[in-house]
Amino acid sequence: MASTRLRALDGADVEVPDTDVEAFAGQLRGRLVGPADPDYDEARAVWNGLIDKRPGLIARCTGTADVMAAVRFARAHELLLAVRGGGHNVSGAAVCDGGLVVDLSPMKAVRVNPGAGTVRAQGGVRIGDLDHESQAFGLAVPMGVVSETGIAGLTLGGGFGWLSRRFGLSCDNLLSADVVTADGRWVRAGTGPDDDLDLLWALRGGGGNFGVVTSFDFRAHPIGPEVYVGFVVHAGTAAGEALRGMRAFIEQAPEEVMSLAVLWHGPPLEEIPVEYHRKPVAIQLAVYAGDPAEGERVLRPARNIGNPVADLSGPMRYLDLQRFLDVDYPARQLRYYWKSRYLSAFSDDLIDLLVARNETTPSPLSTLEMWSMGGAVERVATQDSAFGDRSAPYLLAVEANWERPEDDAANLAWVREAHADVARFSTGREYVNFPGFYEDENLVRDTFGPNFRRLASLKKRYDPMNLFRLNHNIPPAP
């Protein structure tokens with residue numbers, strides 16, 4: 001009997017009868033793509049150019065019924081399973097070698113209910129798709145800062161962006177969700193009388209451990225059409241002074257302000273003097289989530305820090321703000337490796353360390369980014385969502401972004417060394433959406449802390465065979 005070789009959950013190869021594969025394909029309204037198909041390479045490609053995995057099959061799902069069929073097929077044959085939403089996951093977990101990919105990227109429907117202030121979005125929607133629809137009604141869902149990011153993985157892992165300090169994380173604005181669990185059943189996670197409240201709790205930061213989310217219902221907030229953006233560039237020689245000034249500013253700023261301090265090498269923008277192009281710089285990006293005129297007043301002290309070499313501040317359409325960083329994170333053109341630390345403080349010693357690290361990066365495209373937290377983020381109690389502890393005042397992202405495969409080793413080493421160097425300033429937690437390659441075996445327990453035991457119990461309830469394991473994996477409780 002003819003068969004197709006696929007990768008099993010235990011890593012071994014398994015021969016699946018072609019009759020079973022054909023029957024599975026017949027259950028899909030979408031397409032089942034394999035290595036022999038002309039669009040296979042396009043279907044397996046993800047945003048991170050460092051990732052080059054070859055799935056055995058890719059189920060291009062068009063709706064919940066397709067997802068249910070795919071999960072049941074994977075479960076029946078105990079196949080390695082990856083779930084792809086927007087395909088932006090930096091770790092590459094959206095695809096796998098030899099196994100089955102449940103691809104939600106064709107599922108891009110967005111429906112705004114302006115009267116209720118809610119938005120429903122399918123699992124393949126990206127931030128740009130969501131913003132396009134919601135801004136037509138003067139609304140926005142708190143999301144990330146690169147428009148090609150998928151909303152699914154972002155939300156399930158937390159979700160930081162320009163609106164976080166005012167309106168909370170993406171996961172804090174998740175009202176309910178449609179989920180296909182590991183046994184192929186549809187479950188509604190939510191707060192209604194027939195909904196699963198425990199599952200909603202787990203989805204708010206617990207990642208893709210508990211099922212495939214086929215649609216999300218979000219709370220949306222009045223924003224735009226314009227916001228005020230502070231964009232100030234300081235020379236690398238003044239980076240320490242600039243970061244100390246940024247720290248002082250954000251520690252007294254209202255929660256309408258989200259501040260991102262970036263150590264980088266100057267982008268080749270016309271507004272930045274050419275002598276700072278591709279040279280170490282410190283940048284403050286700050287957004288006022290409210291009236292632009294008030295934003296100009298509130299952000300004026302940030303623009304007066306030190307002696308900046310360029311000030312590109314001004315009002316900007318919210319839609320343009322959400323696309324502003326896209327050019328620096330092109331899909332499939334660069335190689336990416338990111339890790340993170342939640343920090344107990346933004347101390348002088350840490351600032352000096354980071355400034356020195358920025359000067360030694362192998363790639364001028366790499367960054368060290370300090371996200372300010374607090375505000376609405378910290379008002380959610382640890383036990384009220386899987387995301388857990390929100391007490392850290394800052395999140396540090398160590399991002400290597402580079403072009404050539406021959407530079408892989410140097411860039412991976414730069415991130416790992418910087419990540420290790422800042423451990424003494426850390427709370428012990430990390431942001432699960434910036435996980436490297438999940439190589440840290442303590443990441444999950446340390447990050448979820450007191451919530452880990454409940455998450456492991458819920459994992460046992462919804463996925464006792466650990467079918468959904470290609471993520472920041474929470475093993476089922478014994």
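**Close-up views of a predicted model**

View 1. Strand β8 (residues 118–122) and strand β12 (residues 212–219) run antiparallel and are joined by 5 bridges. Helices (H or I, at least four residues) and strands (E, at least two) are DSSP runs, numbered from the N terminus, and two strands pair if DSSP finds at least two bridges between them. Look for Gln 122, whose bridge partner in β12 is Ser 215. The open sheet has 5 strands in the order β7-β8-β12-β10-β11, with antiparallel pairing. β7 (110–113) and β11 (186–189) stand at the edges with a single partner strand each, so one side of each has no neighbour in the sheet. From one strand to the next, the twist averages 10 degrees. In general, strands of a sheet pair through backbone hydrogen bonds, either parallel or antiparallel.

A word on the model: this is a predicted model, in which local features need pLDDT of at least 70, side-chain atom pairs count only at pLDDT 80 or more, and totals for chains, interfaces and linings use all residues. Residues are numbered from 1 along each chain as its sequence is written, and side-chain values use heavy atoms, with hydrogens and water left out.

**View 2. Helix α4 lies across β7 and β8.** This helix covers residues 127–134 and runs at about 35 degrees to β7. Axes here are lines fitted to C-alpha atoms, for helices over the stretch in contact, and angles run from 0 to 180 degrees between N-to-C directions. Contact means heavy atoms within 4.5 Å.

**View 3. His 234 sits in strand β14 (residues 226–235).** Is His 234 buried or exposed? With 2% relative accessibility, His 234 counts as buried; buried means under 20% relative accessible area, exposed over 50%, and partly exposed in between (1.4 Å probe, protein chains only). Not counting residues up to four places away in sequence, His 234 touches Ala 242, Met 246, Val 281, Ala 282, Ile 305, Asn 307, Pro 308 and Val 309.

**View 4. Leu 412 belongs to helix α12 (residues 408–421).** Leu 412 counts as buried because its relative accessibility is 16%. Leaving aside neighbours within four places in sequence, Leu 412 is in contact with Tyr 337, Trp 402 and Phe 437. Asn 401 is 11 residues away from Leu 412 in sequence, and their C-alpha atoms are 9.8 Å apart.

**View 5. The largest cavity holds about 60 Å³ of space.** On a 1 Å grid over the protein atoms alone, a cavity is a set of points where a 1.4 Å probe fits but cannot get out, and lining residues have an atom within 4 Å of a point. Grid points are joined across faces, edges and corners, and a volume is the space filled by probe spheres set on the points. The lining includes Met 246, Ser 259 and Met 370. Which helix gives the largest share of this lining? That is α8, with 3 residues.

**View 6. The second largest cavity has a volume of about 30 Å³.** Gly 157, Gly 205, Phe 387, Arg 429, Glu 430, Val 432, Thr 447 and Phe 448 line this cavity.

Key: 1 Å grid on protein atoms, 1.4 Å probe; cavity = no way out; pocket = protein on both sides within 12 Å on 5 of 7 lines; lining within 4 Å.
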